[in-house]
Structures are given as C-alpha cells and as structure tokens.
Amino acid sequence: MNDLHRIIDANTNRASEGIRVLEDLARFSLNSEPMSESLKVLRHNLQTGVQSLGINQSTLLASRNTAGDVGTSITTPNEQRREEGVVDIATAAAKRSQEAIRVLEESAKALGHSGAVFESIRYTLYDIHRDLILKLDRPSVKWSVCVLLTKSLCLHHSPEAVIQDAARAGAECIQIREKDMPSDELLVHALAMVACAHEHGMTAIINDRVDIALASQADGVHLGQHDLPINAARSILGSKAIIGRSCSNTDQLREAFDQGADYCGLGPVFPSTTKQKSNLGGIQMLTDAMVDPTLHTKPMLAISGITPQNIDQVAATGFPGVAVSSSVCSAQDPHAACLAMVESMQHAASSSKC
C-alpha cells in the first residue's frame, strides 16, 4: 500500500465533501445560482486535478483503509458543535476543504507534478468562502408587509401608534421615510422610531440615508437607484446590515441582487397617493419577476399604491411581500388596514403551498 496514494485518496474525499456542503448552502440557504455553479465547477476542477496526477482510480481505492485509520477515533470538542448554524457549518466545511487541498498540493509536488492546479483551487475557495460567510451571516429578509412610515401621513394617530398597530397586525418591518425632514430632526425622529419598532419586534429600515441608519442603530437602509452603491453602504454599515434597493424592472432587480442587495422593492405597481409616478409597471411587472428563474425566490416587495382594495391582485401573483404607506399610515384604523393586507399575503402564500 502506497502511503502517498492513501493520503491523496483521503484528502480528495475530504476536500470534495467540504465543497459539496458549501455548494448546498449556496443552493438551498442562499438560493444563489452563481455561487452554486462556481462551487460545482470547483468540485469538478478538483477531480480533474487529481486525475492529472496519473494515478488510476482503482489504485486510489485499493489504498483506502478506513478500519486501519488511526485518525477516525481522534476528535476535538469543537468538531461536535455548530452553535452558529449554517455559518458554523460553512466555516467548518471551507476550512476542511482548504486544508485538504493544501495536502493535495504538497502531495502532487512529492510525485513530481506541479501543485499549481491545487493552489489555484485553494485561492478560489478562499474568495468563495468569504462571500458565502458574509451572505449567510446577514439577517434573513422574509417580510410579507413592510410599512413605509412618514410622519406627515399619520393623520389620525402618532407614528408610534401606527408602528404598534402594524406590529399587532403582523407586519414585520417599518421603513422610516422622511424625504424633507432636516438631518438633525430626522436623527431624533429615527432614534425614537427605531426604538419603538424594536420594542414591538419589528425590523427598522431607514430610507436613503446611510448616515442616519448608522447613527440611529437601525437594521439597515433602503437605497434608490441613484443613492450610494450597495457595496459602499455596506462598508459603512457593516456586513450584517440589511440593504435594499428600489427597482423598476427585472434587469435592475438582477443587477441589485448581483451587487449584494438583501431585498429589493419593485414598482411602481399602482398610482400612488403620496408621489406622482409615471411608467406604472402594473401587475405584469410582478408576474415577470415571479416567472424569472433567477428572481422568483428572492426577497422582494411590491411598491406604490397598494391598498386593502387591490392587494389581492398582488398576492395572486405569488409575489413575496408588499411595501405600503398611506393605506396604513393615514387610515382611521391602521391595525385593521394592515391586518387585511397581512392576511391577504399570508392566505396567498399558504394556498401556493397546497
């Protein structure tokens, strides 16, 4: 039995298994087709690299001796723990693969081959590992209803009361949207709204203003097409911040998600009572996104003019969420208005699973 063959066989299996774990996390946890494909290609490149060593597969299999492997009985406490869930799983799988590929690289040199192919795979894996962890470590966005909170639209109740009513109705997120409020006043307002949202178990997002999002300790920021680039906002707010982008077509959606957006708003769908908008996309815009294989599983919110009277049209498309403004903020009964929309979205979601 050739010891070097045994080492190559064991580390090929170890590296391939680790990469497959990462591939499944990219596929099933992130729904990321590009990252899944990159890892699948990497796994195949690993096998090609091993084949380039000129060792027959039967020879490698014959060198395998699981029963006589003294390492199978050696464990450490950390091997049995994955307390951070998928992030720990990804970290362990990536490290296991990287170490195994380094062993293959050194083994190739010992056989008189260049280790360059394995070195290249290892460096590629370093970058994929980084990108995967940063995405897995961000909060999951699964909102059916997000309320765009503007103080001047709260005609019958205080903004705090609207937040409380929206939370009781089942809305998951508040976006603080104050286009005309001076910065000093906005910060005071945002601090109070973020604290109120968090008190009621809601996510708090600031519209446009990355600086206010950072200073108010909000959960993230929602950016327009002409605001800061997503990577610039993330460099300021940190890897765990939720960053959204407004989009008006599927091309913009794909671009935003490729750039690292955690969710996107798509619209305008209907005419808005708060802002004059042209080029309404209507329900067809939402349908187009839902039939796109690269977009239909992404976190998205339909935006503009959505009310309890038309939300069933949105829900019927299977679109995952909506962002609503005056239909809740200006309502005589914000709780009832919000509840109607939450129930419509939930009913559509449950029906689609049947």
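The following is a dialogue about how terms are applied to this predicted model.

Guide: In this predicted model, local features need pLDDT of at least 70 and side-chain atom pairs count only at pLDDT 80 or more, while totals for chains, interfaces and linings use all residues. Residues are numbered from 1 along each chain as its sequence is written, and side-chain values use heavy atoms, with hydrogens and water left out.

Visitor: How many helices and strands are there in the protein?

Guide: The protein has 14 helices and eight strands. Both are DSSP runs numbered from the N terminus, helices being H or I with at least four residues and strands E with at least two.

Visitor: In what order do the eight strands close into a barrel?

Guide: The order is β1-β2-β3-β4-β5-β6-β7-β8, with parallel pairing. On average, neighbouring strands of this sheet are turned by 25 degrees against each other, direction ignored. Helix α7 (residues 183-199) packs on the sheet and touches β1, β2 and β3; a contact means heavy atoms within 4.5 Å.

Visitor: Why are α4 and α5 called roughly antiparallel?

Guide: The axes of α4 (residues 86-110) and α5 (residues 116-136) cross at roughly 175 degrees and come within 9 Å. Axes are lines fitted to C-alpha atoms, for helices over the stretch in contact, and angles run from 0 to 180 degrees between N-to-C directions. Angles under 35 degrees count as roughly parallel, over 145 as roughly antiparallel, 65 to 115 as roughly perpendicular and the rest as oblique. The two helices are therefore roughly antiparallel.

Visitor: Why is the aromatic pair of Y123 and Y126 called tilted?

Guide: Rings of Phe, Tyr and Trp (its six-membered ring) pair if their centres lie within 6.5 Å; planes under 30 degrees apart are stacked, over 60 edge-to-face, and the rest tilted. For Y123 and Y126 the values are 5.9 Å centre to centre and 50 degrees between the planes, so the pair counts as tilted. Both residues lie in α5, three residues apart.

Visitor: Are Y123 and Y126 buried, exposed or partly exposed, and what relative accessible area does each have?

Guide: Buried means under 20% relative accessible area, exposed over 50%, and partly exposed in between (1.4 Å probe, protein chains only). Y123 has 43% and is therefore partly exposed; Y126, at 34%, is partly exposed.

Definitions and conventions: Two strands pair if DSSP finds at least two bridges between them.
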